[in-house]
Amino acid sequence: LFRSNIYFVAMVREIVKIFYFFLCFFSVTVHAQCGNLSNAYGPFDYRTATVAERKLVEDWHFSPEVQSYKPRHNQTLGGDVDYTLRAFPNNHRALLFMMNLSVREKTNKPQGALYTVSCYFDRAIRFRPEDGQVRLLHGIYLLKIGDNKAAVDELKLAEQFSGDDAN
């Protein structure tokens, strides 16, 4: 009886190791394509960020020049806005800009961006799933790329999360 308990415990340990391996593998795989949300600076909720937190990023990476489609010296628009969206995943203006930049460049991954536009929305939703403005922008993006069913679902969530927000 004692010997069978030792085998049982050893077997359970091996099963737990295998389960843990698959759990780690699949959780990494699911978000690997769109990246981890951790960042050297941030991530911060754009809606509640301080002026100083916003200014530090936007003065360099989402300046009026960038928003006017004028890249900084030796930089790409996609790279600058990527940095902005990694610091503030739910920055509504930056998400809209990245969406429009992808249309302008006729690609789902603008030059210099680390991720596709779909990934930036995925990251924003993982970061703050209750942000109605992100859901609204995502719904509009889904309509633009022809995924009408998903767009309707996302727009319903936008309405649900936005409540009485006039925007």
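This is a predicted model: local features need pLDDT of at least 70, side-chain atom pairs count only at pLDDT 80 or more; totals for chains, interfaces and linings use all residues.
Let's start with helix α4, which runs over residues 77-87. Most of this helix is covered: 10 of its 11 residues are buried. If you want to find them in the structure, look for L77, G78, G79, D80, V81, D82, T84, L85, R86 and A87. And what lies over them? The cover includes α2 (51-61), α3 (64-67), α5 (92-105) and α6 (117-127).

Now zoom in on D80, one of the buried residues of α4. Its relative accessibility is 1%, and because buried means under 20%, D80 counts as buried. Which residues does D80 touch, once its neighbours within four places in sequence are left aside? The contacts are W60, H61, V66, R72 and Q75.

Next, hop along to helix α7, made up of residues 132-144. Our stop here is V134. Is V134 buried or exposed? With a relative accessible area of 0%, V134 is buried. Setting aside residues up to four places away in sequence, V134 touches N90, H92, L95, F121, A124 and I125. Take A124 from that list: A124 and V134 sit 10 residues apart in sequence, and their C-alpha atoms are 7.0 Å apart in space.

One last thing to keep in mind while you turn the helices around: an α-helix has 3.6 residues a turn, so residues three or four places apart point the same way.

Notes:
Residues are numbered from 1 along each chain as its sequence is written. Side-chain values use heavy atoms; hydrogens and water are left out. Helices (H or I, at least four residues) and strands (E, at least two) are DSSP runs, numbered from the N terminus. Buried means under 20% relative accessible area, exposed over 50%, partly exposed in between (1.4 Å probe, protein chains only). Contact means heavy atoms within 4.5 Å.
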